[in-house]
Amino acid sequence: MIKQYETVFIATPVLSEAQIKEAVAKYVNFIKENGGEIVYEEDWGLKQLAYPIQKKTSGFYYLIEFKADSLFIDKLETQYRRDERIIRFLTFAMDKHAVAYAEKRRANKQAK
């Protein structure tokens with residue numbers, strides 16, 4: 001069943017700008033190659049972590065909103081686990097309220 005999902009991952013802070021773009025492109029392409037549709041992407045940049053993860057105190061945050069089959073999520077999360085550049089990730093299915101909120105948030109961001 002096709003649902004809308006939002007995934008956020010945190011990449012290790014020791015990566016260069018080019019390496020971050022490469023990691024993002026890998027996951028965007030992976031979603032597209034497996035029949036997913038990218039709805040929205042947002043780079044949140046380098047942020048401090050609430051607590052150290054793998055002895056790191058900051059990381060590059062990136063958000064991807066996409067539509068895909070529910071069976072695809074396991075494949076995506078397996079890719080995250082295999083990638084040493086990704087220190088944390090979270091993927092969740094968006095209900096109609098979350099989708100409406102995300103659309104409103106994007107509209108507000110574009111209006112500014």
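How many salt bridges does a search of the whole structure find? The search finds four salt bridges, a salt bridge being a side-chain nitrogen of Lys or Arg within 4 Å of a carboxyl oxygen of Asp or Glu. The model is predicted, so local features need pLDDT of at least 70 and side-chain atom pairs count only at pLDDT 80 or more, while totals for chains, interfaces and linings use all residues. Residues are numbered from 1 along each chain as its sequence is written, and side-chain values use heavy atoms, with hydrogens and water left out.

View 1. Lys26 and Asp83 form a salt bridge in which the closest N and O atoms are 3.6 Å apart. The two residues come from distant parts of the chain, 57 residues apart: Lys26 belongs to helix 1 (residues 17–33), and Asp83 to the loop between helix 2 and strand 4. Helices (H or I, at least four residues) and strands (E, at least two) are DSSP runs, numbered from the N terminus. Asp83 is buried at a relative accessible area of 5%, whereas Lys26 is partly exposed at 33%. Buried means under 20% relative accessible area, exposed over 50%, and partly exposed in between, with a 1.4 Å probe and protein chains only. Asp83 also meets Arg85 in a salt bridge of 3.0 Å, N to O. Arg85 is buried, with a relative accessible area of 13%. Through shared partners, salt bridges join Glu22, Lys26, Asp83 and Arg85 into one network.

**View 2. The salt bridge of Arg106 and Glu65.** The closest N and O atoms of this salt bridge are 2.8 Å apart. Arg106 lies in helix 3 (residues 96–111) and Glu65 in strand 3 (residues 56–69), so the pair ties together parts that are 41 residues apart in sequence. Both Arg106 and Glu65 are buried.

**View 3. Thr91 and its surroundings.** Thr91 sits in strand 4 (residues 86–93) and counts as buried because its relative accessible area is 13%. Its side chain makes a polar contact of 2.8 Å with the side chain of Thr7. A polar contact is a pair of N or O atoms within 3.5 Å; within protein, one must be able to donate a hydrogen and the other to accept it, and residues adjacent in sequence count only if both atoms are side-chain atoms. Not counting residues up to four places away in sequence, Thr91 touches Tyr5, Glu6, Thr7, Phe66, Ile73, Leu76, Glu77 and Tyr80, contact meaning heavy atoms within 4.5 Å.

View 4. Glu77 is placed in helix 2 (residues 72–82). Glu77 is buried yet has no salt bridge, and the nearest side chain of opposite charge, Arg81, is 4.0 Å away. For charge, Lys and Arg count as positive and Asp and Glu as negative; His and the chain ends are not counted. With neighbours within four places in sequence left aside, Glu77 is in contact with Phe89 and Thr91.

**View 5. The largest pocket.** This pocket holds about 170 Å³ of space. Its lining consists of Val8, Ile10, Leu49, Ala50, Tyr51, Ile53, Tyr61, Arg88, Phe89 and Leu90. Strand 1 (2–11), strand 2 (37–53) and strand 4 each give two or more residues to the lining. Strand 2 gives the most, with four residues. On a 1 Å grid over the protein atoms alone, a pocket is an open set of points where a 1.4 Å probe fits, with protein on both sides within 12 Å along at least five of seven lines; lining residues have an atom within 4 Å of a point. Grid points are joined across faces, edges and corners, and a volume is the space filled by probe spheres set on the points.

View 6. Gln54 has a positive phi of about 50 degrees although it is not a glycine. Phi of Lys55 is also positive, near 65 degrees. Most residues other than glycine have a negative phi. Lys55 is exposed, at 83% relative accessibility. Pro52, in strand 2, is exposed as well, with a relative accessible area of 56%.
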